Amino acid sequence: MHKKLTAALSAFIFSLILAFLAFSVSEALNEIHNQSFGIGGEYTQLSIPQMANPSPDRKQEQEKALIKLRKYLADEKIIFISATDRGEGNPSVLVYDPLSTTWARNVKPSQTYVVKGSYFEELWKKKQNNPLLIESISRINGVIDPDASLQGQEYQFVHGLDEKISPSGKAILSTQNPEKVQHVQSLLSQALLQPQVLPRMTWKTALITHKEIDFTLLVSVLSIVACVMALNGVLEGLIPEFIIHTYSGGTALSITRKYIRHQFPTVALSSLAGSVFLLILNAMLQFARLNPFLLSLLLLSWLASTLIVELMLFLIVFSQLQVTFATNRKK
């Protein structure tokens, strides 16, 4: 009984580790999606510092440049999204989507929406004043549900790109064309802003720099070593039972195959229990969002943990039998 329990416990623990690795990989790749504000595909990230209130003359200059920017974005079919940095200025997102392909496809220039689930949505529903709504906005057009990468932030409004509000914070362009990016930078500079191109995070850098992934990979290697040591000690007691099968023509390979087939249901169910346990834990703590990609990774982690533990059992039993048979032949 304790022999089955050791194999089951090894599978359960190893599936927990691999399931956590699946969660970590999913979250690392989510960071890339979050960085692009849901645009996806090719994009360039800019940093636009917030600017002090310009003089009336310079304000007119800025408005003209922002009108030119909007026209250029429309002509080149470039999506533009910017979001204010935490704690700086108006807590809002500025968008322009001439392609009508993103979550902001319904937001037109000069329109303003309150973010779904925000504090100001409640004020708007109660027809109360929004103290952080800038004076140039005369009305709110409705409620909009932003991309998942913007949810949970302190954003209260979504504005369509026009000359009344200058973009600030982090901005995303749906292009990596150097000439187009440079032209957008030039127009933003004409609008009295100083945009800077930021390095783009790739899936490789996301996986390499994610500390949870590095830690989980290390724990996975250590757990394999620990499981091998535990299983090796327990399975040594099965050798006399295995030798009995040689009297009916059993070989080291056939005996090992029969044993791991017998253990497969226990190992598979224990691995599944580990994955399900982590799913339940996630439902309680909400440390990651469930999505089809994450569920696919969990399925792969379950299969991988089952196969790895089965492989460990195979190698341990087969090697022990080989050693035992070699020793008996010498005698």
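1. Helices α2 and α4 are roughly antiparallel to each other, because their axes cross at roughly 160 degrees and angles over 145 degrees count as roughly antiparallel. This is a predicted model, and the points below should be read accordingly.

2. Helix α2 spans residues 56-76 and helix α4 spans residues 178-190. Their axes come within 8 Å, and the crossing of α2 and α4 is left-handed. On the α2 side the contact is made by Glu61, Ala65, Lys68, Leu69, Tyr72, Leu73 and Glu76. Helix α4 contributes Lys180, His183, Val184, Leu187, Leu188 and Gln190. By class, the residues of this contact comprise seven nonpolar, four charged and two polar.

3. Strand β2, residues 80-83, is covered on both faces. Phe80 and Ser82 lie on one side, Ile81 and Ala83 on the other, and all of these residues are buried.

4. Which strands pair with β2? One is β3, residues 92-96, which pairs with β2 in the antiparallel sense over four bridges. Within this pairing, Ser82 has Leu94 of β3 as its bridge partner.

Notes
Residues are numbered from 1 along each chain as its sequence is written. This is a predicted model: local features need pLDDT of at least 70, side-chain atom pairs count only at pLDDT 80 or more; totals for chains, interfaces and linings use all residues. Side-chain values use heavy atoms; hydrogens and water are left out. Buried means under 20% relative accessible area, exposed over 50%, partly exposed in between (1.4 Å probe, protein chains only). Helices (H or I, at least four residues) and strands (E, at least two) are DSSP runs, numbered from the N terminus. Two strands pair if DSSP finds at least two bridges between them. Axes are lines fitted to C-alpha atoms, for helices over the stretch in contact, and angles run from 0 to 180 degrees between N-to-C directions. Angles under 35 degrees count as roughly parallel, over 145 as roughly antiparallel, 65 to 115 as roughly perpendicular and the rest as oblique. A crossing is left-handed if the near helix is turned anticlockwise from the far one by less than a right angle, and right-handed if clockwise. Contact means heavy atoms within 4.5 Å. Ala, Val, Leu, Ile, Met, Phe, Trp, Tyr, Cys and Pro count as nonpolar, Asp, Glu, Lys and Arg as charged, and the others, Gly among them, as polar.
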